[in-house]
Amino acid sequence: MKTSTRKKIVQTVAFIVLRGCLYLVLAVLLLFLYDIGKKGGGAISWEFLSQAPRKGMTAGGIFPAIVGTFLVTVTTALLAVPLGMSAAIYLNEYARQARLTRLIRLAIRNLSGVPSIVYGLFGVILFVNIMRFGTSILSAGLTLGLMTLPWTITASEEALKTVPNSYREGALALGATKWQSIRTNVLPYAVPGMLTGTVLGLARAAGETAPILFTGAAFFLPYLPKSLGDQFMALPYHLYIMATQHHQIQQVRPLAYGTALVLVAMVLGMNMAAFVIRFRLRRKRR
Amino acid sequence: MHKIRLARFKESAIRAFFFSSGVLAVLILIGIFATLLYTAIPAFKEIPLSEFLLKKTWDPTSPEKAQYGILSMIVSTLMVTVGALALAVPIGIGVAAYLSDVAHWRVREIIKPIVEMLAGIPSVVVGFLGIVLFGPAIAKIFRIGNGLNALNGSVLLAIMSLPTIISISEDSLNAVPPAYGEASLALGASRWQTLIRVRIPAALSGIIAACMLGMGRAIGETMTVLMATGNARSFPHGFLDSVRTMTADVAIELGEVPYYTTHYYALFAIGLVLFIMTFVVNIGADLILHKYQEREL
């Protein structure tokens, strides 16, 4: 009798500790969002979102950084989305469990663990120097694209896995070739799911700083980039500058908070959009 | 006949296209390694490898004698990583165990995306919060001039590696065959005893792999440590010392270094060391996870 009471007390206490762990994590997240929301909210105005920085970046807005991040993310998507999808199609539809396939999967998992600054170094050599794209939107976007590739492959493959095998077999039984069956019966079903995962990957890429530090992000530009060969301002890099490199750090704190809020809102907004798509999709299938 | 042959050709061309994009992942990985190695080699013509890895002084711009020892940075990187794991591993496993064994499935469905949200916060924002939130708090608690030190970096990296540790640990707890837990409960063990003596040991390989992946993330993280650890070059003696990790050093110096100098090559050598460290950790985690998956099948 006594031991069973003890057992119960131990369990109750232990579960409270476990729940405490969860609350701690949630509290940290809330603290982050609250602090950025409260102090960043004050800085947000139409002027802040639509104008370039002025007076040595102590006034004005972040419009060029928003445009720059948008353009880089589009470039990233142009590389990572089609390549990620086709690699996933190979792995899920064509590849057999051979040694090479295992090697490809191992490489993908390892690529997602390569530090972002190392991608930056690789981008400097490959895109800036060897391909002579210079420090530009193109170089930065392609560097981020390589970094995003393992995520888009994995996400696309997850989506392909959800397509029932009978879809493929049905087409093949009617005499369709492999590609015809993929194009008409597999892809229409899988593409929305592939896009969901891809948006998550792009959201992470949009918030990255280290890979663009040396491949194209600029400290300050008074004008918008005119082509993919130009340097650009980017939200994450701008936040880094405003937080650590500015000569009047305390004075520009509100602007840094505002930039952080816009960046977080953008990234979490993209996340949210992906979740909504996924949720709708699941419902539709039921 | 002609038509069939054309269709066959088209099919194999399409297959070849998809195959090449699949193989690309391998080529990129090899390409990164080869590029780093190739660019780092000229550095080792000037700097003996032993000096590079074992000397504490990094002073590449010294007018008298440039010194290229990265031991202080390696120790700094390991210090913030170990600190981060000391915080993130118990908390992460606790959350994973709560979600898989205690919480109602509805709670779990709500909490999981919220935890993933934490992973979505850009590292530069986490670093910024290290400066404005954690820095002043640490300075106040320990009564020191400023809170930009190894402790700050450890706390931030712990927060950043938590989502990885939580989600993979939870997956491996969920993958434990239900019969294990049921048998334990049937023998009269409480749910807590079942969790701690049966289910966690059964999921241990997955949990260890989760922690290793979290460790890989912490070693390679750049912006947070760059912003929050103070970046002093000296050899660290404690968690309240300002430290400069390998990643932070590359981020600070690559922008200013003249191309094709020993210093430039040495920065790529640091990148190579980073690449090898994370590669080893990730392969290790991968082997453990794989072994574990095969046993399950």
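Analyst: Start with a term. A salt bridge is a side-chain nitrogen of Lys or Arg within 4 Å of a carboxyl oxygen of Asp or Glu. Side chains of opposite charge can pair when their charged atoms come close.

Across the interface of chain B and chain A, the rule finds 1 salt bridge. Its partners are Arg109(A) and Asp286(B), with the closest N and O atoms 2.4 Å apart.

A word on the source. This is a predicted model, in which local features need pLDDT of at least 70, side-chain atom pairs count only at pLDDT 80 or more, and totals for chains, interfaces and linings use all residues. Residues are numbered from 1 along each chain as its sequence is written, chains are lettered from A and ligands numbered from 1 in the order in which they are written, and side-chain values use heavy atoms, leaving out hydrogens and water.

Now the polar contacts. Such a contact is a pair of N or O atoms within 3.5 Å; within protein, one must be able to donate a hydrogen and the other to accept it, and residues adjacent in sequence count only if both atoms are side-chain atoms. Between chain B and chain A there are 9 residue pairs of this kind, both residues being at pLDDT 80 or more.

Which helix gives the most to the side of chain B that touches chain A? Helix 1 of chain B, residues 2–46, does, with 19 residues. Helices here are DSSP runs (H or I, at least four residues), strands are runs of E (at least two), and both are numbered from the N terminus.

That side of chain B holds 54 nonpolar, 18 polar and 6 charged residues. Ala, Val, Leu, Ile, Met, Phe, Trp, Tyr, Cys and Pro count as nonpolar; Asp, Glu, Lys and Arg count as charged; the others, Gly among them, count as polar.

How many residues take part in the contact? Chain B gives 78 and chain A gives 73. Contact means heavy atoms within 4.5 Å.

Next comes area. About 7000 Å² is buried between chain B and chain A. Carbon and sulfur atoms give 80% of it. Buried area is the accessible area (1.4 Å probe) that two parts lose on being put together, summed over both. Phe18(B), Phe128(B) and Trp192(B) supply 10% of the area that chain B buries against chain A.

Finally, the two partners themselves. Chain A has 10 helices and 2 strands, and its C-alpha trace spans about 70 × 70 × 35 Å along its principal axes. Chain B has 12 helices and 2 strands. The C-alpha trace of chain B spans about 80 × 75 × 35 Å along its principal axes. Over all chains, the whole structure has 14 salt bridges.
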